[in-house]
Amino acid sequence: MNRILISPSILASDFSKLGEEAVKCEAAGADMLHIDVMDGHFVPNITLGPPVIRSLRPRTKLPFDVHLMISDPIRCVGAFADAGADMITFHTEATNDPGACIDAILQKGCKAGLALKPATPAEAALPYLDKLSMVLVMTVEPGFGGQRFMADMLPKIRAVRRACDAVDPDMYIQVDGGITPETLPAAHTAGADVFVAGSYVFRAEDTSRAIRRLRGEDA
Ligand code: DX5
Ligand code: ZN
């Protein structure tokens, strides 16, 4: 799969003007908007919840790619779907019944994604591929932006891509953490096609150019 889709992570944006940040990403050519939800339990950090997503929803047409880093995610699927999520990704490590959580997401009319922490093997996603739209291979430990890309996740990206190609070649494989124009190409070659970038996009002076550079379209 040759596509490169860019999902800027608003975790790195200015939370006092989230609406403007979302509009900026859309104007700059982003493909979706990555919204990191942290509960202070599954990960140490706390970010935002459904009311913030609901108020952001009318500001942009970008699909909302909601990354739940919360324990027992099935409890909150309905609230995030009702708030305007298009795709809901949860961590397999956060639940003892990933299949039920996927079903709850699909019942709400959203696409489902399954996220793997760095220590979780590709095999953890395989039983669910037929219902998923996306597998998220974390390339940092979840919890904080601004960390370094873990190149040792590349074999896992390749393994997930191989498995997905056998089931659904159109499956998204997302990578999240430390993505820059320098780290993206190796992840892309390994089979990833949706790239979350927080610090790189929001620290850039020119957001459009940052997104073009991620796509390899600008030097
Ligand atoms: C980390 C989050 C990421 C993070 C990426 O737990 O899931 O989405 O915001 O940020 P950067 O691009 O700064 O690594
Ligand atoms: Zn994320």
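The following questions and answers go through a predicted model of one protein chain.

Visitor: How many helices and strands does the chain have?
Guide: Helices (H or I, at least four residues) and strands (E, at least two) are DSSP runs, numbered from the N terminus. By that count the secondary structure comes to 8 helices and 8 strands.

Visitor: Why does the chain count as being as compact as a globular protein of its length?
Guide: The radius of gyration is taken over C-alpha atoms, and the globule rule is 2.2 Å times the number of residues to the power 0.38. For 219 residues the rule gives 17 Å, so the chain is as compact as a globular protein of that length, its own radius of gyration being close to that at 16 Å.

Visitor: What percentage of the residues is buried?
Guide: Buried means under 20% relative accessible area, exposed over 50%, and partly exposed in between (1.4 Å probe, protein chains only). Of the 219 residues, the buried share is 55%.

Visitor: Which residues touch the most other members of the largest nonpolar core?
Guide: A nonpolar core is a set of buried Ala, Val, Leu, Ile, Met, Phe, Trp, Tyr and Cys residues joined through side-chain atoms within 4.5 Å. The largest one has 63 residues, and its largest share, 5 residues, comes from helix 5 (residues 154–167). Those touching the most other members are Val37, Ile53, Val66, Ile88, Ile157 and Phe195.

Visitor: What does Val37 touch?
Guide: Contact means heavy atoms within 4.5 Å. Residues up to four places away in sequence are not counted. The residues touched by Val37 are then Thr47, Leu48, Ile53, Val66, His67, Leu68, Met69, Ile70 and Phe80.

Visitor: What covers the buried residues of helix 4?
Guide: Helix 4 covers residues 98–107, where Pro98, Gly99, Cys101, Ile102, Ala104 and Ile105 are buried. The cover over them includes helix 3 (77–83), strand 4 (87–91) and strand 5 (111–116).

Visitor: Is Gly113 buried or exposed, and what is its relative accessible area?
Guide: Gly113 is found in strand 5. Not counting residues up to four places away in sequence, Gly113 touches Ile88, Thr89, Phe90, Leu132 and Met134. Gly113 is buried, with a relative accessible area of 0%.

Visitor: What is the phi of Asp72?
Guide: Most residues other than glycine have a negative phi. Asp72 is in the loop between strand 3 (64–69) and helix 3, and is partly exposed at 37% relative accessibility. Although Asp72 is not a glycine, its phi is positive, about 50°.

Visitor: Which residues does Asp86 touch?
Guide: Asp86 lies in the loop between helix 3 and strand 4. Its relative accessible area is 33%, which makes Asp86 partly exposed. Not counting residues up to four places away in sequence, Asp86 touches Arg57, Leu62, Pro63, Phe64, Cys110 and Lys111.

How values were computed:
Residues numbered from 1 in each chain as written. Chains lettered and ligands numbered in written order. Predicted model: local features only at pLDDT ≥ 70, side-chain atom pairs only at ≥ 80, totals over all residues. Heavy atoms only, no water.
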